[in-house]
Amino acid sequence: MATQVIEIDNYFPVKTELLPLGIEMPCDIFIQEGGELKVILKQGERFSFFLKNKLREKKITNLYIDKSNEKIFQDFLLEFKPKEYFDNILDRYQINNEFYYKIEKECLSPEIPVTFSLYFHDGKNFNIFLDASEENPKAISQDYLPEEDILISRKDLDRYKEYLEKLIKERKYESKILKETAKLILRDVYIEPTNRKNLVILCDKINQIIDYGIIEPKVLENLLIMKKFDNYNYVHSLNVMILSLSLGLKIKLDKEELRLLGIASALHDIGKIKISPLILSKLGKLTEKEFQIYKTHVIESVNIAKELDLPEKVIEGIAHHHEKLNGTGYPFKLKGEEISFFGKIIAIADAYEMLTTPRAMKYALTPYNALMILVQDRGCYDKSLLETFIKMLGRLI
Ligand SMILES: [Fe+2]
């Protein structure tokens with residue numbers, strides 16, 4: 001097999017199962033092995049059962065195609081696998097995102113040079129607009145940032161974390177940096193939920209946010225205003241954590257209670273990592289069977305929390321976050337006082353966050369409309385907590 005040094009930016013990934021069997025390939029197809037790209041099928045060769053099985057044995061699920069052949073390959077898919085062609089368009093952005101991480105552009109400070117390159121996605125390709133490295137750090141002014149989302153290469157995530165820590169030390173844009181670092185920590189937790197080191201780091205960050213919230217009550221509101229479209233599970237969890245902590249601060253929970261509430265709300269949906277992405281990101285309504293599977297994320301979250309030996313209060317909060325006061329929730333159909341206090345708080349924060357975040361095929365509601373829906377469903381939520389929540393967010397509407 002011919003090999004070449006990998007320049008992944010010049011290639012796009014395609015799932016192995018997308019290739020039609022027995023058909024001549026319209027261009028060269030590559031696999032990634034040992035940091036190199038190798039031609040696995042030359043233009044004109046046919047994809048055989050034998051090769052498919054060989055790839056499966058080697059657990060190779062992604063193939064790569066030179067970007068200059070993109071149009072040819074898309075036309076090929078459209079002809080031989082029309083359904084997969086459309087799925088692939090959706091998939092590609094996701095797979096490509098394995099190489100990039102979207103950062104919070106407002107966290108970039110002109111006074112502290114970045115040691116990593118910055119990219120943006122123009123709807124078709126990823127483009128570099130600041131070429132920086134540890135040897136060649138560069139400062140960037142907010143005025144020169146593109147309108148699009150800003151991304152970094154995933155291999156630079158540690159450098160980005162170091163950069164944020166520097167900003168925290170210099171006490172720059174504190175609420176934004178706190179949220180951005182918390183987001184990165186939650187990402188790590190979601191990737192490796194049973195890694196205790198991640199949990200310890202998460203607890204530290206929760207303490208920092210609580211301390212900061214106590215010193216400066218407006219900060220949590222600032223964090224909420226920053227909420228933007230982001231499809232990752234851990235971003236939803238981060239927002240639910242911030243909303244839950246805000247409510248916890250408003251009702252004057254003590255510091256230890258806040259810390260436990262922070263952990264429960266951050267991990268309430270961690271079990272979703274066990275649910276198929278096809279269900280989690282399905283466009284349109286789930287079938288009854290799919291919804292049954294979706295609902296199991298609560299028990300999966302509880303199992304992970306138990307594995308981490310988290311306190312009972314935290315486990316209850318996680319277990320009850322989809323329960324409703326009138327008994328119409330899941331998985332236990334608990335009623336009223338059977339539902340734990342943390343469960344009641346997280347249920348309100350979770351419902352509000354879901355309503356105000358745009359999701360596939362669904363527009364986000366304004367905070368006002370979201371609160372109106374919660375009020376209409378008030379039989380589902382704790383009356384006094386909901387009132388405090390509405391008063392707390394009232395200033396944002
Ligand atoms: Fe949930």
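View 1. Residues 1–6 score below 50, yet the stretch still has 14 contacts in the model beyond near neighbours in sequence. Residues 90–96 are also below 50, with six such contacts. A contact means that two C-beta atoms, placed from the backbone, lie within 7 Å. Averaged over the protein, pLDDT is 82, and 84% of the residues score at least 70. Because the model is predicted, local features need pLDDT of at least 70 and side-chain atom pairs count only at pLDDT 80 or more, whereas totals for chains, interfaces and linings use all residues. Numbering starts from 1 along each chain as its sequence is written.

**View 2. An open sheet of four strands.** The order is E6-E9-E7-E8, and the pairing is antiparallel. At the edges sit E6 (100–103) and E8 (126–130), each with a single partner strand, so one side of each has no neighbour in the sheet. From one strand to the next the twist averages 45°, taken between N-to-C directions of lines fitted to C-alpha atoms, on a range from 0 to 180 degrees. Strands are DSSP runs of E with at least two residues, helices are runs of H or I with at least four, and both are numbered from the N terminus. Two strands pair if DSSP finds at least two bridges between them.

**View 3. Strand E9 and its partners.** E6 and E9 pair antiparallel over four bridges, and Tyr 101 stands opposite Ile 152 in E9. Strand E7 (residues 118–121) is joined to E9 (residues 150–153) by two bridges, again antiparallel. Here Phe 120 has Ile 150 of E9 as its bridge partner.

View 4. Buried means 20 or more other C-beta atoms within 10 Å of a residue's own, exposed means 12 or fewer, and partly exposed is in between; C-beta atoms are placed from the backbone. Just after H1, Lys 59 has a positive phi of about 60°.

**View 5. Helix H5, tucked in.** For H5 (residues 174–191), 13 of the 18 residues are buried, so the helix is largely enclosed by the rest of the structure.

Technical notes
pLDDT is the predictor's confidence in each residue, from 0 to 100.
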